[in-house]
Amino acid sequence: AFVDVTERKRAERALEQSVQALKKVNEELQQFAYAASHDLQEPLRTIASYAQLLARKYKDDHDASEYTGFIVDGVNRMNTLIRDLLTYSRVGASTQLKRRPISLAGVLQWCLLNLERSVHEHKATVTHDELPEVIADEVQMVQLFQNLISNSLKYRSDQPPLIQVVCEENDNEYLISVRDNGVGIEPQYQKQIFGVFKRLHGRDVPGTGIGLAICRKIVESHDGRIWVESDGKNGSSFRFSLPK
Ligand code: ADP
């Protein structure tokens, strides 16, 4: 039998070309974000130094002191935003991923060591299931767990935080959940919080809104998915999958 495959071959080639073009655009964007945020730091340092000079020169003038105070606050905030943007643009670049077999139990232990003080300060309890070995970038996994657990501490309710790391599995993937008894997230906001600089809280809770965007980038670069489940009252459950 004779089957004409010319059309299919042409479609396959077009698809491959689109994939390559997308990859290139993605890499360019990554480089752009990195360069932009890196170069933004320099002029900011100049603003900060001159604001400090002005503050010193006009320290007896009430208005001038107040205005220079606003400049310094703005500069500090911009600095934090740029630093987080830099972290975001560095994370998850597939060329930088160091994937190897690692123990998620070890990752959690490392992360809890980093958060020890905060866990203690808020009298939080952290429990966990038995955690598997996965093929992943260890530093990024620590960052992922740390962002989620530190959010559970930060967005706590008036009860002492109870954080549970739960692990389920099916044939193809592990499903990890970080559950808390915090303030919860209303369903209509549950998608947007994974976007860059997206926050539901004001300045009263420190943060730039990049933590969950970083989590999403890490999970997706490991071929997984991440989402949150919450009824907006009784805590949240941040869930992500990692392929076996
Ligand atoms: P940040 O904490 O810097 O604001 P994130 O990207 O980590 O940034 O989180 C985005 C927003 O999602 C937060 O501002 C907060 O409103 C909400 N959020 C994140 N984690 C939780 C949580 N465990 N419980 C309730 N709300 C959360």
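A crossing of two helices is called left-handed if the near helix is turned anticlockwise from the far one by less than a right angle, and right-handed if clockwise. The structure is a predicted model, in which local features need pLDDT of at least 70, side-chain atom pairs count only at pLDDT 80 or more, and totals for chains, interfaces and linings use all residues. Residues are numbered from 1 along each chain as its sequence is written, and side-chain values use heavy atoms, with hydrogens and water left out.

**Exercise 1. Describe how helix H5 packs against helix H6.**

Step 1. Locate the elements: H5 covers residues 138–154 and H6 residues 211–221; helices are DSSP runs (H or I, at least four residues), numbered from the N terminus.

Step 2. State the geometry. The two helices pack at an angle of about 145°, and their axes lie 9 Å apart. Axes are lines fitted to C-alpha atoms, for helices over the stretch in contact, and angles run from 0 to 180 degrees between N-to-C directions. The crossing of H5 past H6 is left-handed.

Step 3. Identify the residues in contact (heavy atoms within 4.5 Å). H5 contributes Gln140, Met141, Gln143, Leu144, Asn147, Leu148 and Asn151, while H6 contributes Gly211, Leu212, Ile214, Cys215, Ile218, Val219 and Ser221.

Step 4. Classify them. Eight are nonpolar, six polar and none charged; here Ala, Val, Leu, Ile, Met, Phe, Trp, Tyr, Cys and Pro count as nonpolar, Asp, Glu, Lys and Arg as charged, and the others, Gly among them, as polar.

**Exercise 2. Determine whether asparagine 147 is buried or exposed.**

Step 1. Asparagine 147 belongs to helix H5.

Step 2. Buried means under 20% relative accessible area, exposed over 50%, and partly exposed in between (1.4 Å probe, protein chains only). Asparagine 147 is therefore buried, because its relative accessibility is 16%.

Step 3. Leaving aside neighbours within four places in sequence, asparagine 147 contacts Gly211, Ile214 and Cys215.
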